[in-house]
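Have a look at the sequence and the model first, then read on.

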Amino acid sequence: MSLPDNSFTDMDGKPLENAPEAESCPFCGSGADQLVVERWGAEDDPDPSYHVECLECGANGPQNDTAVGAAEAWNARK
Ligand SMILES: [Zn+2]
């Protein structure tokens, strides 16, 4: 595996490019392997939003216009 240990992943399980390293979930302490960037909006929605979800406890990060922005917003939350 060439994956960094603590990179966010997208809904296809691929590492999110150009994103910061993932901070652990502030609620359950899960690491990046449980943190997925989800896309919100219909398939043809031209203006989707993104947020990070913790698969372990279901916590959602702030929404953002981009997947990377959602990752950064997750990290910024304390
Ligand atoms: Zn969690």
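## What the helix packs against

The buried residues of H1 pack against E1 and E2. Here, a residue counts as buried if 20 or more other C-beta atoms lie within 10 Å of its own, exposed if 12 or fewer, and partly exposed in between, with C-beta atoms placed from the backbone. Contact means that two such C-beta atoms lie within 7 Å. Keep in mind that this is a predicted model, where local features need pLDDT of at least 70, side-chain atom pairs count only at pLDDT 80 or more, and totals for chains, interfaces and linings use all residues. Residues are numbered from 1 along each chain as its sequence is written.

Which residues of H1 are buried? They are Ala67, Ala70, Ala71 and Trp74. These residues sit on the same side of H1, because they cover an arc of only 100 degrees around the axis (the arc is that of the directions from the helix axis to the C-beta atoms). An α-helix has 3.6 residues a turn, so residues three or four places apart point the same way.

## The nonpolar core

A nonpolar core is a set of buried Ala, Val, Leu, Ile, Met, Phe, Trp, Tyr and Cys residues joined through C-beta atoms within 7 Å. The largest one here has 15 residues, and those with the most contacts inside it are Phe8, Leu35, Val37, Val52, Ala70 and Ala71. At least two residues of this core come from each of E1, strand E2 (49–54) and helix H1 (67–76). H1 gives the largest share, 4 residues.

Take leucine 35: leaving out residues up to four places away in sequence, it touches Phe8, Ala22, Cys25, Ser30, Val52 and Cys54.

## Out at glutamate 21

Glutamate 21 belongs to the segment before strand E1 (35–40). Is it buried or exposed? Glutamate 21 is exposed, because it has 12 other C-beta atoms within 10 Å. Asparagine 6 is 15 residues away from glutamate 21 in sequence, yet their C-alpha atoms are 5.6 Å apart in space.

## The whole chain

The protein has 1 helix and 2 strands, which run β-β-α along the sequence. Helices (H or I, at least four residues) and strands (E, at least two) are DSSP runs, numbered from the N terminus.

Of the 78 residues, 23% are buried. Among contacts between residues at least 6 apart in sequence, 38% join residues at least 24 apart. Along the principal axes, the C-alpha atoms fill a box of roughly 35 × 30 × 20 Å.
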